[in-house]
Structures are given as structure tokens and as C-alpha cells.
Amino acid sequence: MPLTSIPDLIAVARPGGLGAFNVITLEHAEAIAAAAESAKRPVVLQVSENTARYHGGIAPLGLACLRIAADSDAAVAVHLDHATSAELIRRAVDLGIRSVMYDGSALDYADNVTATTSITAWCHQRGVHIEAELGEVGGKDGVHAPGARTDPDEAVEFVSATGVDALAVAVGSSHAMHTRTAELDNDLIAHLAAKVPVPLVLHGSSGVPDHGLRAAVDHGMTKINIATRLNIRMTAAIRERLTQDPGLADPREYLTPGRAAIRSEVEHFLRLLAV
């Protein structure tokens with residue numbers, strides 16, 4: 001199927017949420033696409049700046065994701081996640097990636113607006129969808145630390161000033177959580193959804209229990225980013241296989257159950273987010 005745009009995927013997913021899953025290895029991408037086909041739901045393959053750095057650049061995994069998306073029977077988009085470098089964004093767009101997230105959250109508000117506005121204009125000239133973040137999502141002692149939240153009026157001002165197409169907001173989640181104990185502020189989600197004129201994105205969703213993710217979608221959250229849960233499941237499956245047979249040397253013998261574990265987890269989340 002031809003690569004699908006994020007706005008089109010959001011439309012297909014509604015009134016449910018759009019699942020977006022981070023890709024670290026080829027097995028991640030294969031499993032996520034297979035899960036989308038099985039669940040008959042749209043999906044986003046996301047490659048982060050950290051993962052691009054791990055692979056020596058965006059091209060190796062980015063091109064693989066684009067090909068997997070094109071070959072899939074599901075509606076799939078490819079997205080560059082948490083890019084702090086304008087050069088990385090340019091390279092991703094040159095490859096054919098049509099959705100990016102610019103993360104200027106480490107900057108102060110004025111500098112974040114200036115940088116995001118410039119990158120948004122560049123992206124829109126090329127028909128590229130752009131997501132941004134107002135403040136830091138947790139795991140970095142940022143505004144998603146306990147008690148910190150996105151201010152709806154500031155969010156409206158930020159979107160108006162920058163022209164971004166989607167906004168990651170702070171409502172109680174945190175990156176890289178291994179326990180699913182985060183409690184989201186659903187009243188704030190509803191308030192943000194009513195005021196902010198672009199889709200809202202939940203980062204750090206791996207730490208939110210199932211009922212919390214379902215409630216977030218019901219209250220107006222649109223795109224749900226999940227990464228750590230896939231890695232936990234993959235690693236557990238690989239560890240179990242290697243424990244069963246410590247003499248294994250062929251990576252395919254343990255990556256196969258690892259890939260299957262990712263697919264099962266993605267299928268679960270896609271069905272959870274559907275209505």
C-alpha cells in the first residue's frame with residue numbers, strides 16, 4: 001500500500017486513537033506492520049534521533065521502514081521522532097519520510113517558538129507533517145515530572161505562533177517507564193482537546209495502564225506513542241529462548257520469538273485504542 005500521511009491515518013483511526021510505535025531494529029518494523037495487518041488498524045513506524053544515531057544515520061532503518069510500509073497491506077506512515085537537529089530532519093525528508101517531530105523542549109519558550117517556527121515553515125514547503133513538544137516529556141526531569149502539566153492557553157499560543165500540525169503535551173506520562181503506574185489528568189486532556197486546534201500526542205505511553213490509555217483517547221488524545229513496552233516484551237522473549245538453549249548462536253533463533261512478542265504487544269495496543 002502506498003505510504004499514508006499522518007492526517008489520513010488519524011482520520012482512519014477515529015474515533016479511536018492512532019498507535020505509533022518506535023522502531024529500533026528491523027524486527028520491530030516487521031512486527032509492527034504485521035500487527036497492523038492482523039488488527040486491521042492504521043499504524044505509525046517511528047524512528048527516533050537516538051536510534052538513527054545508533055545505526056549511524058537515519059538512512060539504514062528509515063529506508064527499511066519506508067519499504068516495509070510500502071509493502072504492507074495496512075495503512076502505515078513513517079515518522080522521525082524526537083529530532084533535535086534540523087539537519088537530521090532534512091535527511092529524513094530527503095529519504096521520503098513525510099512526518100517528523102522537532103523537539104525543541106530543552107530550549108526556553110521563546111527559543112523553542114523561534115526554532116519550531118522555522119522548521120515548520122521548511123517542512124510545510126515540502127508537504128511534511130510536523131509534530132512539536134511544549135516542554136519536556138518525563139524521564140528527563142522536565143515538565144512531565146510529578147505535578148507538571150501543559151498549560152492550555154500556552155499550548156494554544158504555541159500552536160498559533162509556530163503553525164505545527166500536532167502537539168505533544170504533558171498530562172502525567174513519562175518516558176522509559178518499566179511499570180505501568182502513570183496516572184493521566186483526563187480533565188486536562190479534555191480541556192486541551194477543546195482548546196488546541198491540532199491533534200494531541202501522548203508520549204511516554206508505555207507507563208500508562210490499559211484503562212488509562214483508553215480514557216486518554218476517550219477524552220481527546222489522538223496519537224499514542226509506545227516504545228518501552230515493546231522492548232520489554234522483546235527482551236523477555238529473547239532471554240527466555242536463550243535460557244532454554246544457552247548454546248544458541250544463530251540470531252534468527254532468538255530474534256524470531258522476540259519479533260513475535262513485539263507483534264503480540266502491538267496487536268494488543270491497536271485493539272485497545274480502537275473503538
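Visitor: What is the relative accessible area of Asp250?

Guide: Accessibility falls into classes: buried is under 20% relative accessible area, exposed is over 50%, and partly exposed is in between, with a 1.4 Å probe and protein chains only. Asp250 has a relative accessible area of 26%, which means it is partly exposed. This is a predicted model, where local features need pLDDT of at least 70 and side-chain atom pairs count only at pLDDT 80 or more, while totals for chains, interfaces and linings use all residues. Residues are numbered from 1 along each chain as its sequence is written, and side-chain values use heavy atoms, with hydrogens and water left out.

Visitor: Which residue forms a salt bridge with Asp250?

Guide: Start with the idea. Side chains of opposite charge can pair when their charged atoms come close. The test here is a side-chain nitrogen of Lys or Arg within 4 Å of a carboxyl oxygen of Asp or Glu. Asp250 pairs with Arg252, and their closest N and O atoms are 3.0 Å apart. Arg252 counts as exposed, at 62% relative accessibility. Elsewhere, salt bridges with shared partners join Glu87, Arg90 and Arg91 into one network.

Visitor: How many salt bridges does the whole structure hold?

Guide: The search finds 13. One of them joins Glu265 to Arg229, with 3.2 Å between the closest N and O atoms. That pair links distant parts of the chain. Glu265 sits in helix α11 and Arg229 in helix α10 (residues 228–244), 36 residues apart. Both Glu265 and Arg229 are buried.

Visitor: Which parts does the salt bridge of Arg241 and Glu253 tie together?

Guide: Arg241 and Glu253 meet at 3.9 Å, N to O. Arg241 is in helix α10 and Glu253 in helix α11, so the bridge ties parts 12 residues apart in sequence. Arg241 is partly exposed at 23% relative accessible area. Glu253 is also partly exposed, at 38%.

Visitor: Glu27 has no salt bridge; which side chain of opposite charge is nearest?

Guide: For charge, Lys and Arg count as positive and Asp and Glu as negative; His and the chain ends are not counted. The nearest opposite charge to Glu27 is Arg259, 5.4 Å away. Contact means heavy atoms within 4.5 Å. Leaving aside neighbours within four places in sequence, Glu27 contacts Met234, Leu255 and Arg259.

Visitor: At what angle do α2 and α11 pack?

Guide: α2 and α11 pack at about 40 degrees, with axes 8 Å apart. That makes α2 oblique to α11. The classes are roughly parallel under 35 degrees, roughly antiparallel over 145, roughly perpendicular from 65 to 115, and oblique for the rest. Among the α2 residues that meet α11 are Glu27, Ala31 and Ala35. The α11 side includes Leu255, Arg259 and Ile262.

Visitor: Is the crossing of α2 and α11 left-handed or right-handed?

Guide: Compare the near helix with the far one. Turned anticlockwise by less than a right angle, the crossing is left-handed; clockwise, right-handed. α2 and α11 cross right-handed.

Visitor: Which elements do the buried residues of α9 pack against?

Guide: They pack against α8 (186–195), β7 (200–202), β8 (223–226) and α11 (251–273). The buried residues of α9 (residues 210–218) are Gly212, Leu213, Arg214, Ala215, Ala216 and Val217. The axes of α9 and α11 come within 9 Å and cross at roughly 40 degrees. That makes α9 oblique to α11. The crossing is right-handed. Asp210, Leu213, Arg214 and Val217 in α9 meet His268, Phe269, Leu272 and Leu273 in α11. After α9 comes Gly220, with a positive phi near 125 degrees.

Visitor: How many helices and strands does the protein chain have?

Guide: The chain has 11 helices and eight strands. Of its 275 residues, 55% are buried.

Methods:
Helix = DSSP H or I, 4+ residues; strand = E, 2+ residues; numbered from the N terminus. Axes fitted to C-alpha atoms, helices over the stretch in contact; angles between N-to-C directions.
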